[in-house]
Amino acid sequence: MATIDVERTGTSPSLPDGPKLPKAVQTLLFMTARHKFVPRWRQRYGEAFTIRLSFGGGRNVVIISRPEHIREVFAGAPEGFHAGESNRVLAPVMGEHSVLIQDGEDHKRSRKRLMPAFNGAALRGYGEMMTTLAEKCADVLPVGRPFEMHRQMNDVTLEIILRVVFGMTDEHRLAELRPTIRRLVNIGPVAVFGWASPRLRRYWPWKRNQGDLNAADALIYKEIAARRTVDDLAERTDVLSRLLVADPDMADIELRDHMMTLLLAGHETTATALAWSFHELARNPDVLRRAQQAADTGDEEYLSAVAKEAMRLRPVVLAVGRKLTEDTTVAGMRLPSGTVISPSIALVHADDTLHPAPGDFQPERFIGHGPEAGTWIPFGGGVRRCIGASFSVQEAAAVLQAVLSRYDVRPDRERPEPGKMRNITMVPTRGARVILTPR
């Protein structure tokens, strides 16, 4: 492997070496096959390298993967490391008030508003509904024939988000929103370009995607308007109601952006992590038996470890980013303002010096202790760590318990499924196809 001089701290900012392909080609490879090319580029150019992308007005992205450098980025002052700016491609969908898009005081204020809905007491309150919805899903899973577990997991996590986060009970509105959200997330990586290019939205498939977004917005605004009129708002525990109680004057557009962010970022990522969990359990009989024992005895720690190990072995989101607002020394390199510094989740999770036998599925890695900081980062880190991280792990454990207490799981074929890019996430190519049989 090539190496970099991590002590290069001269006064003139510069970028580390990287691929020399045309910017348009690098962008296409990054959007559609980064899981294949980023490891190759690291092998060739070293532990920090630069890729050049054409969207968002053009950007230079420096990929890093050493834990000490990742910790440095996550500990960086928020005013100097803007995560929101690095996520600008998501703004047309998530909205300008999304915690994923905001920086500085705006982000701090929005995060403070949302955090009470995801603290320990709130999570305990969501547990019963999570369990009920997970069991309802498990009871109707196909038996004795191959099916796509990813599709089923998307259904259950979407239902949990709609009920727990939105508190939605209007069956007509739910029936309209479910397929709309499914279409919104089920787009390929090239379609993401339409989010950042208004001109593309005049053409198919970007025009269709914009229509789906408009339809989802209309339904969300209807739900917000209806919620403002209920008599028992203060007694409700869902996130939307909590936000309205805390600030009745919050603008509808701000509520919409928070809800859309939780809806899109909160359900598909957990669904994909669950799909990969079942994919790996089906191919590891000893781990499956241990996980079934945990499901039978209510061992939430082990079930959570199964989900966490799936997130390590099969990261759903491959990297996070911070845009530098001024010339900054990071990882021993003096980088110019405007550079996006990007800790690679995929590279650090696959590093055999951090995770022995990284290709093996071993939930025991997460039993009794947490991973060293900077070595397991599916939810990012620092002040930008995902506020729904604990919600996601708790939800995954509830679904695993409901399914594994009822069924044996085996693959429809022994060969593991590779991943493929869908929007900005890495999903099983064939949908994590498995066969369930009653225990």
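Guide: Let's start at the second largest cavity, where helices H4 (91-94), H9 (193-196) and H10 (206-227) each supply at least two lining residues. A helix here is a DSSP run of H or I with at least four residues, numbered from the N terminus. Keep in mind that this is a predicted model: local features need pLDDT of at least 70 and side-chain atom pairs count only at pLDDT 80 or more, while totals for chains, interfaces and linings use all residues. Residues are numbered from 1 along each chain as its sequence is written, and side-chain values use heavy atoms, with hydrogens and water left out.

How do you find a hole like that? Rolling a probe the size of a water molecule over the atoms shows where empty space is left. A cavity is a set of points, on a 1 Å grid over the protein atoms alone, where a 1.4 Å probe fits but cannot get out, and its lining residues have an atom within 4 Å of a point. The whole structure has four cavities of 30 Å³ or more. Ours has a volume of about 100 Å³, meaning the space filled by probe spheres set on the points. H10 gives the most to this lining, with four residues. The lining counts seven nonpolar, three polar and one charged residues; Ala, Val, Leu, Ile, Met, Phe, Trp, Tyr, Cys and Pro are nonpolar, Asp, Glu, Lys and Arg charged, and the others, Gly among them, polar.

Now for some helix packing. H14 (residues 300-313) meets H12 (residues 252-282) at about 95 degrees, with axes 9 Å apart. Axes are lines fitted to C-alpha atoms over the stretch in contact, with angles from 0 to 180 degrees between N-to-C directions. So H12 is roughly perpendicular to H14, a label for 65 to 115 degrees. Trp-276 and Leu-281 of H12 are among the residues in contact, as are Val-306 and Met-311 of H14; contact means heavy atoms within 4.5 Å.

H14 also packs against H16, at about 110 degrees with axes 8 Å apart, which makes this pair roughly perpendicular too. Val-306 and Met-311 turn up in this contact as well, and H16 brings residues including Leu-400 and Leu-404.

Finally, H16 (residues 389-404) crosses H6 (residues 120-139) at roughly 35 degrees, their axes coming within 8 Å. That contact has 10 nonpolar, four polar and two charged residues.

Notes
Angles under 35 degrees count as roughly parallel, over 145 as roughly antiparallel, 65 to 115 as roughly perpendicular and the rest as oblique. On a 1 Å grid over the protein atoms alone, a cavity is a set of points where a 1.4 Å probe fits but cannot get out, and a pocket is an open set with protein on both sides within 12 Å along at least five of seven lines; lining residues have an atom within 4 Å of a point.
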